[in-house]
Amino acid sequence: MATSSEDEVEKEQSVPITNITADENDGITFKDLGVNDVLCEACESLKWPAPTKIQKEAIPVALQGKDVIGLAETGSGKTGAFAIPILQALLENPQRYFALILTPTRELAYQISEQFEALGGGMGVKTAVIVGGMDMMSQALTLAKKPHIIIATPGRLLDHLSNTKGFNLKALKFLVMDEADRILNMDFEVEVDKILKVIPRERRTYLFSATMTQKVQKLQRASLKDPVRVEVSNKFKTVDSLQQYYIFIPLKFKDVYLLHLLNEMAGNSFMVFCATCAGTMRTALMLRNLGLSVVPLHGQMSQNKRLAALTKFRAKNRSILISTDVASSNPQSITLGLDIPHVDVVVNFDIPTHSKDYIHRVGRTARAGRSGVAITFVSQYDVELYQRIEFLLGKKLPLYKTEEAEVMTMEERVAEARRIANMEMKDLGEKKGKKRKGGLGDDDDDTENAVGVRKRLKGGKKRRK
C-alpha cells in the first residue's frame, strides 16, 4: 500500500501545472461559462448577477473535467466556483455520496452546506454536515440516508470512515479541499492522507486556498489529472474595496480606544478579534457593561452556543461580534469562513501572531464587491508583528486619526466596566467549576450568564448610599 502511494506522489508531482490569471470581469455571465439553465436561475435567485473573478476562471476549466487549484482571497466567491461544477455534474449523473468537501472548521462546513442547498434546492440536493462537537449517532443516521454532498472536517469524517458500519466513499466522484492552507496549518495532514487512501483515485479534485504555502504545494498530489492553477490575486493580496488602517496606542488604553471606535462608527456591524478565549469573554463583558449589544464567539463554547451566537449576529440582534480566530484549547480556527454579509468593520483588537491570519481576519469584511474597513490596534509590544503584516502586504497602511483628549474622556467609565467584567469572569469560572463537579457538560459561556454579578454590584452600590 505504501509503495503504491509513493508511486502516486511521484507521478503526480511530475504533472505540469497550467497557470491562468484572471482579469477584471468583462460582462461575462454564468451562461457564457457553460452553466446550465437550472443553475443560472439559482444564481439569479441568490442575487449573483455575474461570476466573480475566481468563478469566471475556475468554472469553465472544472466543467471540462479538469482538476483545479484555485488561489483567491477570502470573500471572492470560491464556494460558488466549486459548487456550480459539482451540481452540474450531479444533474447529469445523479448519484449518492457524489462529492466530499473537506473544510478546516465547523462553521465553514455549515456555511458551505447552506450554499449547496441554496444552489441545488430546485434539484432536490441532499447535503450532510459531518463535524466535531455533534452527536456521532445522529450523524451516522444522516449518512445512512446517503446524501449527495458531504461537507466535513477531516477528523470527524475519519472517525465515521473507521467506525460507522456500512459507510464508505468508494464511489466518490469529487473531492474538494476548501481553505487548504488552514486545513494543513491545523495539523490535519495525517487525517487528509488517510482519507486520500480510502477514496477512489479516479475522481476530480478541487483545491482552494487563500494563500499558497509549501504544505499546499505538497497537497497538489491529491490531483490525479493535469491540475489547472487559477490565480486571481497576488500571493497575499487583500481586496481593493477594503480600507485598512492602524492605530498606535499604549497597551493599557486599548479598551478605551475600542469603546471610542465603536461609538464613533456606531450604526455599523463589527467583528472584533481577540487573541484568547478569556480575552474575548472579558472584552464582551466589559462592552456589555458599557451598554453595547455584544455577542462572544470562541473555542470553549459548545457547538450549539457558537451557532446561536452566529445566528444572533446574522439576524442583527447583536451588532458587535467579539471573536477569537484560534481556539486556545484546540488548534482550530473558528471564525474562518463566516460569510456574514453585513460585517462593515473588522477590528484587530489583538494583533495576529501569524501574519497570514491577518488576511483571513480582514477577509470577513469587504466581501463580494462590498466595501469595508479594517483597523488594527498596535501597542508598544506589537511593532515587530505589525511590520511583518506590512511586509506581507507589500505596503504601508495609513494611520487612523483619533483625538487623544476626546478618547480619554471615557477612561473612567471603561475602568469601572473593566473592574465589573473581571468580577463577572471570576463568577462565571466558579459556576463552571460547580457544574463540572455536578457532572453537567454544557458550556455556559454566553455573557448573559454574568447578569447576576451586575445586579449584586448595583444593589451593593445602593446599600452603600
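A word on the source. This is a predicted model, where local features need pLDDT of at least 70 and side-chain atom pairs count only at pLDDT 80 or more, while totals for chains, interfaces and linings use all residues. Residues are numbered from 1 along each chain as its sequence is written, and side-chain values use heavy atoms, with hydrogens and water left out.

Back to Thr205, which sits in strand E7, residues 204-209. Helices (H or I, at least four residues) and strands (E, at least two) are DSSP runs, numbered from the N terminus. Thr205 counts as buried because its relative accessibility is 0%; buried means under 20% relative accessible area, exposed over 50%, partly exposed in between, with a 1.4 Å probe and protein chains only.

Ile249 is also buried, at 1%. Its place is the loop between strand E9 (242-248) and helix H11 (254-264). What does Ile249 touch, leaving aside neighbours within four places in sequence? The contacts, meaning heavy atoms within 4.5 Å, are Lys254, Tyr257, Phe377, Val378, Ser379 and Gln380. Ser379 is 130 residues away along the chain, yet the two C-alpha atoms are 5.1 Å apart.

Now the helix pairs. Helix H3 (residues 53-63) packs on H4 at about 25 degrees, with the axes 9 Å apart. Axes are lines fitted to C-alpha atoms, for helices over the stretch in contact, and angles run from 0 to 180 degrees between N-to-C directions. H3 is therefore roughly parallel to H4; angles under 35 degrees count as roughly parallel, over 145 as roughly antiparallel, 65 to 115 as roughly perpendicular and the rest as oblique. From H3, Ile54, Gln55, Ala58, Ile59, Ala62 and Leu63 meet Lys78, Gly80, Ala81, Ile84, Pro85 and Gln88 of H4.

H4 (residues 78-92) also meets helix H5 (residues 106-120): their axes come within 10 Å and cross at roughly 45 degrees. That makes the pair oblique. On the H4 side the contact is made by Thr79, Gly80, Phe82, Ala83, Ile84, Ile86 and Leu87, and on the H5 side by Ile112, Gln115, Phe116, Leu119 and Gly120.
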